[in-house]
Amino acid sequence: MRPLFIRRARQLVTLAGSSAAPLVREKMNDLQIIENGSVWIERGVIIAVGPDDELAHRFADRISEADVIDARGKTVTPGLIDPHTHLVYAGSREHEWTMRLRGATYMEIMNAGGGIHATTKATREASEEMLYEESKRRLDLFLLHGVTTVEAKSGYGLSFEGEIKQLEVAKRLHDTHPVDVVSTFLGAHAVPPEWKDDRDGYIRLIMEVMIPEVSRRGLAEFNDVFCERGVFTPDEARRILEAGKAHGLTPKIHADEIEPYGGAELAAEVGAISADHLLRASDEGLRRMAERGVIGVLLPGTAFFLMTQAADARRLIDNGVPVALATDCNPGSSPTVSLPLVMSLACLHMRMTPAEALAAATINAAHAIGRSHVIGSLEPGKKADLAIFNAANYMQIMYYYGVNHTEMVIKDGKIVVNEGKVCI
Ligand code: NIG
Ligand code: FE
């Protein structure tokens, strides 16, 4: 494999120096940008990053053997990282959207058997092959938007076989698609109808059968619970997250999305790597998250699509909570794959600065999935995952919103998107 030399980016946004701890407070604005910057890549790994003249000098006698990409006028960033998706699912729910537009709430639809239950039905009925094909199409779209790593949750099987099937598909996608897929077990996404009269029975199935098997087969790294009134209580969530810990699964949590429910506090108590949503998190909960370094994964696309007030990102950042951003890609509350659009919404609806938004979708997102030592910044030794945007500076990626500025994507040192098209 020939070396790859990306040269003379107008802005090379490195985010260097934050692999050990996520960026917090004012530091989220420090993107470590190199003007006229270049990157030398070999065997899928970043070897050197710096001003073009420096690298041109250092590699002078090897430039002829390298593939050279001219990034003049462009903005180069680490490949974007989406730390919260429900990637693997079947079916679609636009009919529920019409119901919501007429006044029904997300929870009303779910309690009437729609929502998560509708997607669970479709996902259970889908063959593994169909699920793979549908999810692969979505993964291609992620890649086209500059995303090189996604976290993917189960949670639409809600039975032993169903959950394993979803996680097997995620694993196969990881093995066959350029985008890296990091799996989270979300058996506690809802109590399925057949367990309605015995919710504790379902919780025990999760704790005693599903978690041990998921862990034994190495099908997930994280264990997540939808902790919300009417779904799983904080006490139930605690039991499920502790059971996961006992089997080596790191806790994550869907917390305080619809009402304040102690989710942020619980995340800190169990030592979750992240607490996600947080629209209604209490001040005390945020304080404890900051103390324990729990990352707040914010999902402004979900608030936008559910037509609710977004999370108070400024309050998180001012309290010292490290913030990451994600699409929450799912068929009901956030049917998008566009992390750049989510960054625009983070600015417009949560008043994050464009710099904070980019840090939140790169290095802090890497921290939210335990990958900060390998991805999330452009530094020697890290995976050569990069996005090249047709933008004169990083702000334009979100300022000209709703437009996909991704021109080229490099994954593990290979060009996988060129001129806005997947080329694998
Ligand atoms: O993160 N809040 C719970 N779960 C998803 C939605 C899943 C669905 O509606 O299918 C979320 O928004
Ligand atoms: Fe979610």
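I began with helix α6 (residues 160–176) and helix α7 (residues 199–216), which pack at an angle of about 25° with their axes 10 Å apart. Because angles under 35 degrees count as roughly parallel, α6 is roughly parallel to α7. Axes here are lines fitted to C-alpha atoms, for helices over the stretch in contact, and angles run from 0 to 180 degrees between N-to-C directions. Helices are DSSP runs (H or I, at least four residues), numbered from the N terminus.

Next I looked up who touches whom, with contact meaning heavy atoms within 4.5 Å. Phe160, Glu163, Ile164 and Leu167 of α6 meet Val209, Met210, Glu213 and Val214 of α7. I sorted the residues of this contact into six nonpolar, no polar and two charged (Ala, Val, Leu, Ile, Met, Phe, Trp, Tyr, Cys and Pro count as nonpolar, Asp, Glu, Lys and Arg as charged, and the others, Gly among them, as polar).

A note on provenance: this is a predicted model, where local features need pLDDT of at least 70, side-chain atom pairs count only at pLDDT 80 or more, and totals for chains, interfaces and linings use all residues. Residues are numbered from 1 along each chain as its sequence is written, chains are lettered from A and ligands numbered from 1 in the order in which they are written, and side-chain values use heavy atoms, leaving out hydrogens and water.

Then I turned to ligand 1. I found 14 residues around ligand 1 (a heavy atom within 4 Å), and the closest are Arg93, Tyr106, Tyr156, Asp328 and Ser333. An N or O atom in the Tyr106 side chain is 2.5 Å from an oxygen atom of ligand 1. For Asp328, a polar side-chain atom lies 2.8 Å from a ligand 1 oxygen atom.

Technical notes. Helices (H or I, at least four residues) and strands (E, at least two) are DSSP runs, numbered from the N terminus. Angles under 35 degrees count as roughly parallel, over 145 as roughly antiparallel, 65 to 115 as roughly perpendicular and the rest as oblique. A polar contact is a pair of N or O atoms within 3.5 Å; within protein, one must be able to donate a hydrogen and the other to accept it, and residues adjacent in sequence count only if both atoms are side-chain atoms.
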